[in-house]
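Dear colleague,

Please find the structure below, handed over for your records. A short account of what was found in it comes after.

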Amino acid sequence: MGILNVTPDSFSDGGRYLDLDAAVERALEMVAEGADIIDIGGESTRPGAEPVPTEEELRRVIPVIERLVDVVDVPISVDTTKSEVAQEALAAGAHIINDISGLQFDANMAKVVADFGAAVVIMHIKGTPRNMQDNPVYNDVVDEILSFLRRQVDTALAAGIPRDRIIIDPGIGFGKTTGHNLEILRRLRQFKELDLPVLVGTSRKSLIGNVLKLPVEDRLEGTAATIAVSIMNGADIIRVHDVKAMKRVAVMTDAIVRDGSEEFRR
Ligand code: HH2
């Protein structure tokens, strides 16, 4: 899953793809580099970020979707917590709603996804982007996230979203310390217990900056390590900025872990 942030303030690529042509060009480039899904976001969820009004989020993402549906042949995902944005995005031709609140922030979200027969990413967050990094505490981080995901998957099913349209995500960096994030990656296989595809988003995030003491523009190798380990521990989808490099990491890791390369099977 290649990230396309059409925001002025995302933590690593804010402002780069605000222009419609630049956004479309970047999406096409990511597909050429091997992205299987494009994830468009119109609201930064970095720690401390202020919510974006619905009208502004619509203005940022809908024209991009309208352009992309005609030119890319991979599914289009929209990173939003607002059902009105989801509604317009799906009507414009998007296929997946990536909800970082795991269907919590907008009571109408599950119904909108169900009505369109779309797929949904249910991500765990503790708190809101504004307060999530204010001293997050867990008894057992993986158990707590698993309980949340189980509950929200039930919410999705009850709203009429079929099980084969649900993806889960532990929400790396969303109300977690670096220690929590490392533990989640180490114990990622436990999320397979829900028997749903697992998405992981570590790309350029602060857990890498904190371990390697490197700024956001210098986290490529650290991201690569998190991706190899995530796939080894069962991740099905990885959400990244650096598609070209991370696709290579993913394919190589898959070939080892999942016997993913026909050519070398014996
Ligand atoms: N991380 C970010 C945004 N959306 N969605 C899912 N499912 N999983 C994630 O880990 C995830 C996500 C944050 O990264 P980014 O989009 O690069 O930054 P920003 O929120 O500042 O736009």
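The notes that follow concern the ligand and its surroundings, and then the aromatic rings.

The model is predicted, so local features need pLDDT of at least 70 and side-chain atom pairs count only at pLDDT 80 or more, while totals for chains, interfaces and linings use all residues. Residues are numbered from 1 along each chain as its sequence is written, and side-chain values use heavy atoms, with hydrogens and water left out.

Oxygen atoms of the ligand lie 2.8 Å from a polar side-chain atom of R239 and 2.8 Å from one of H241. For N5, a side-chain N or O atom is 3.2 Å from a ligand oxygen. The protein buries 98% of the 480 Å² that the ligand exposes when taken alone (Shrake-Rupley method, 1.4 Å probe).

As to the rings, the charged end of K126 sits over the ring of Y138, 4.4 Å from its centre (NZ of Lys or CZ of Arg within 6 Å of the ring centre and within 35 degrees of the ring normal).

Yours sincerely

Notes:
Polar contact = N/O pair within 3.5 Å; in protein donor to acceptor, adjacent residues only side chain to side chain.
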